[in-house]
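Take a look at the fold below. We will walk through it in short steps, from a sheet to a helix to a pocket.

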Amino acid sequence: MQGFPPPRDKLLSTKNNEFFNFPALRYSVNHMNEFYPTSITATDSTNHYKVETKIDKNIENVMFTPWGEQKQISFKDALDINYTDGIIILHKGKIVYENYPSSGTQRDTRHAAMSLSKSFTGTLAAILADEGVIDPNKPVTYYLPELKNSGYEGASVRNVMDMTTAIKYSEDYNNPDAEIWGFTLSGQTVKPDGYKGPRNYYEYLSSTVKEKDKEHGSEFGYKTINTEVLGWIITRCTGKKLNELLSEKIWKKMGAMYDGYYMISADGIPFAGGGYNLSLIDAAYFGETMRCKGKLGGKRIISERVIEDIMENGGSKENIEQFEKSGEYPLLKGWGYRDMWWCTNNSHGAFMARGVHGQAIYVDPKAEMVIARFASSPLASNKYIDPHSIPLYEAVAEYLMNK
């Protein structure tokens, strides 16, 4: 994409997904609005949160041992290993580390959040549940009769929020025949010649998702389409698109530094499961809001009950058993999943939002720490990234607690 205009052999496109392949990904994550139509999540331009900075360069010397390895490496070494585009660490609300190793990402860059988007969607749904707008115990089809006779028949909204539906669907990004690619294609504005499939995400959900492979509620199963169903329910119950509701319920109240934006389909549907783009500093301070149980700078943004539900029920015996039963993440022993947040259930009670290719918001209540990271790793799945990420976050937490 260098040059004006770029030569044809350097021009990226959504066609055939070439813009999402590495190393093109390192450009695309910072310029998704060049590949998709978008809708803005507006902030309040006159009421930003306060930023305090107390940089600690010694963080770069923190050592940790990656999972499955014997030799320790440093925080600084891990930046390149994880293809870090940007990272901010907050301790007690202050920025103690901020770095943008990739020249394409800066503080004001709106970077693709990937599946961090799910945690925004899950939080919005939890807020609406707390307000009595959505009942998590109702069946999905109560809100979306369009999904009667689909694989979602018999699933509850809670099953969707906690990823315990039993839909037959693969999220294997390394398998070109996995259902995730058909779902993704349904929302793209540029489709291959001769394409005759669903025109948008909702058509895909109602026309293609027909089977289940077990009983709803029996075990955890990470599926992006669950977030799309939840986004549809949110829109159906409020009459507002996700970008509008996120602006109203969180972004303006938080006083985000920058507008965010959602990638949308040709029909204007925001991509709930992976389409949000935001600045790294706003990702960090959203994490700070979660750490402080819904407050930022002493101001109430989200009900405390919403965050307590994530922290408590993400560590329930049933939730942990459902998570482990799936066998999807053998390295994440004892973890749970609630309201589309990943709960480590470690001794610090840490929980996090996670996205493919290395996106993360890691919230550690005991260490009073938040780490927000954007990345563009060639490998999509977090199972390849976790060994050099989770022990890193834990090591920084211990350093900050003991300095």
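In this predicted model, strands β1 and β7 (residues 260-263) pair in the antiparallel sense, over 4 bridges. Find I40 on your screen. Across from I40 stands Y261, in β7.

Now widen the view. Strands of a sheet pair through backbone hydrogen bonds, and the pairing can be parallel or antiparallel. Here 4 strands form an open sheet, with antiparallel pairing. Read across the sheet, and the order is β1-β7-β8-β6. Which strands stand at the edges? They are β1 (38-41) and β6 (111-112). Each has a single partner strand, so one side of each is left without a neighbour in the sheet.

Next, turn to a helix. Helix α1 spans residues 24-28, and S28 is found in it. Is S28 buried or exposed? Its relative accessibility is 0%, and the cut-off for buried is under 20%, so S28 counts as buried. What does S28 touch, leaving out residues up to four places away in sequence? The contacts are L12, F19 and F35.

Last comes the empty space. Rolling a probe the size of a water molecule over the atoms shows where such space is left. The largest pocket holds about 540 Å³ of space. It is lined by 27 residues, and the closest to its centre are E171, D172, Y222, E328 and Y329. Which helix gives the most to this lining? Helix α13 (residues 382-385) does, with 3 residues. Sort the lining by class, and you get 10 nonpolar, 8 polar and 9 charged residues.

Definitions and conventions
Residues are numbered from 1 along each chain as its sequence is written. This is a predicted model: local features need pLDDT of at least 70, side-chain atom pairs count only at pLDDT 80 or more; totals for chains, interfaces and linings use all residues. Side-chain values use heavy atoms; hydrogens and water are left out. On a 1 Å grid over the protein atoms alone, a cavity is a set of points where a 1.4 Å probe fits but cannot get out, and a pocket is an open set with protein on both sides within 12 Å along at least five of seven lines; lining residues have an atom within 4 Å of a point. Grid points are joined across faces, edges and corners, and a volume is the space filled by probe spheres set on the points. Helices (H or I, at least four residues) and strands (E, at least two) are DSSP runs, numbered from the N terminus. Ala, Val, Leu, Ile, Met, Phe, Trp, Tyr, Cys and Pro count as nonpolar, Asp, Glu, Lys and Arg as charged, and the others, Gly among them, as polar. Two strands pair if DSSP finds at least two bridges between them. Buried means under 20% relative accessible area, exposed over 50%, partly exposed in between (1.4 Å probe, protein chains only). Contact means heavy atoms within 4.5 Å.
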